[in-house]
Amino acid sequence: MNYQSQAVAKPYFIFALILFAGQILFGLIMGLQYVVGDFLSLYIPFNVARMVHTNLLLVWLLFGFMGASYYLVPEESQTELYSPLLAKITFWVFAAAGVATILGYLLVPYSELARLTRNDLLPTMGREFLEQPTITKIGLVVVILAFVFNIGMTILKGRKTVVNMVLITGLIGLALLFLFSFYNPSNLVLDKFFWWWVVHLWVEGVWELIMGAILAFVLIKVTGVDREIIEKWLYVIIAMALISGLIGMGHHYFWIGPGEYWLWLGSIFSAIEPVPFFMMMLFAFRMVEQRRIHHKNEVATLWAKGTAVMAFLGAGVWGFLHTLAPVNYYTHGSQLTAAHGHLAFFGAYAMVVMCIISYAMPIMRGRPQGNSPQAQQLERFAFWAMCIAMIGITLALTAAGVWQIILQRIPDDANSLAFMATQEAISPVYWARLGFGLLFLGGLIAYFASFFVGGDTVSDTEAKVVTNPA
């Protein structure tokens, strides 16, 4: 570890992984409730489990992004973090607010939670993914602004790199776009129109910049490829991501009331959205192929390549499958949406957070060339278990979505099945999804266990330098 203040990233990484485990547990609860409807229904109703599952996803990824930023920005800027104390304070404020909110979902009826938190003063609750009480949203804004200020001041006083500039652009966008969560118009079309400015423009816009910066940083460190080469790739990738992602938001406007021109804009630009992910996959493999050093943390390199592949499959391929308006007419809101969402979030964002953790945590624990070979072998098993499980979950949900469309949406009203009858018919696929969910949990447990496996570590001087014949 080159800079002492990078250590503030450690609690962010640890807490992110704890919340990740919680997200998976609630996902399994929901998966079982799909096939055993009354499982824990008196204690954790499905709507509450879903709310906790999705909120934990957003919060743990934010903790991961914050930890990644606190780790890489001092190294990229070649200066200590502007205020390690502020980073520690925001961690505890964010952690306390997150835990309190989740406990509120679990212990208090949602309507009562709205009353207790005085949602009537500034109504923002009740919308999917943005269920947080208004007071929590305000606290989140304060935390994010303090975080962006801390990162921005560090960059200003140090070296300016493309990685830093792309990262801070994404973080500023993250902060600004979240402000639309406070706009809650009574008109449903307006509500959904601007709701997507948070949900879509986060995950298919500025989050992609954050992902690209983190991935580029790890590849620089584990491959030793000239920074200029990686930066050129990064510029092209983020340009394509922004152009396609911003206007591609129109694929969410197909059926909610805006003008028909969104059918064309949404379809055309959504069809372009897989391109930056394909470029990112080429970029990752090309950089590893051209590497000038052979970093002994081989599993971090595996995570980097895996992130690019799984992001392309989830956000690119599965996104394109149902993004064109004539296809989306039948598929929107089906299990195909869930298939795309699961693989895209895992491939693009969960994996890049685990990638930077896999690279940075051993260094912060005094192992500059990574964990022991035994630990890396276990982590490699965890990588493949989680990836295979997520592919299995995605294929199961894809089959469920196609089956659902055939039974419920394509036939005329006289021949189509009712919603619940359709769900009963496709229940075998939900059982398969649950099985892959258990495999994913096993992979996550192995990932956690890898940090506690001993064995001989590789000293920094043993890193093998290789000469690239190209």
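Predicted model: local features only at pLDDT ≥ 70, side-chain atom pairs only at ≥ 80, totals over all residues.

**Entry 1: before starting**

I then turned to the aromatic rings.

**Entry 2: ring pairs**

I looked up how many aromatic pairs there are, and the count comes to 47. I picked out Phe278 and Phe312, whose rings form a tilted pair with 5.5 Å from centre to centre and 55° between the planes. Phe278 belongs to helix α10 (residues 274-289) and Phe312 to helix α11 (residues 298-321), so this pair ties together parts that are 34 residues apart in sequence. Phe278 is partly exposed, at a relative accessible area of 38%, whereas Phe312 counts as buried at 17%. The cut-off I used here is that buried means under 20%.

**Entry 3: a pair from α13 and α16**

Next I went to Phe346 and Phe440. Their ring centres are 5.3 Å apart and their planes stand at 75°, so I wrote the pair down as edge-to-face. Phe346 sits in helix α13 (residues 335-364) and Phe440 in helix α16 (residues 427-450), and the pair links these distant parts of the chain across 94 residues. I found Phe346 buried, with 3% relative accessible area. Phe440 is buried as well, at 2%.

**Entry 4: a cluster**

Which residues do ring pairs link into a cluster? I listed Tyr12, Phe15, Phe63, Tyr70, Phe91, Trp92, Phe94 and Phe147.

**Entry 5: charges over rings**

I also looked for charged groups lying over rings. Lys192 lies over the face of Trp195, 4.0 Å from the ring centre. Arg433 has its charged end over the ring of Tyr34, at 4.7 Å from the centre.

**Entry 6: salt bridges**

I reminded myself that side chains of opposite charge can pair when their charged atoms come close. How many salt bridges does the structure hold? I noted 10 of them.

I started with Arg50 and Glu128, where the closest N and O atoms are 2.5 Å apart. Arg50 is in helix α2 (residues 46-77), while Glu128 is in the loop between α4 (110-116) and α5 (134-157), so the bridge ties together parts 78 residues apart in sequence. Arg50 is partly exposed, at 30%, and Glu128 is partly exposed, at 29%.

Then I followed Lys221 to Glu75, and this salt bridge has its closest N and O atoms 2.8 Å apart. It links distant parts of the chain, Lys221 in helix α7 (residues 188-223) and Glu75 in helix α2, 146 residues apart. Are the two partners buried or exposed? I have Lys221 down as partly exposed, with a relative accessible area of 22%, and Glu75 as buried, at 9%.

Glu112 counts as partly exposed at 28% relative accessibility, whereas Arg115 is exposed, at 51%.

**Entry 7: a network**

Technical notes
Residues numbered from 1 in each chain as written. Heavy atoms only, no water. Phe/Tyr/Trp six-rings, centres within 6.5 Å; stacked < 30°, edge-to-face > 60°. Helix = DSSP H or I, 4+ residues; strand = E, 2+ residues; numbered from the N terminus. Buried < 20%, exposed > 50% of the residue type's maximum accessible area, 1.4 Å probe, protein only. Lys NZ or Arg CZ within 6 Å of the ring centre and 35° of its normal. Salt bridge = Lys/Arg side-chain N within 4 Å of Asp/Glu carboxyl O.
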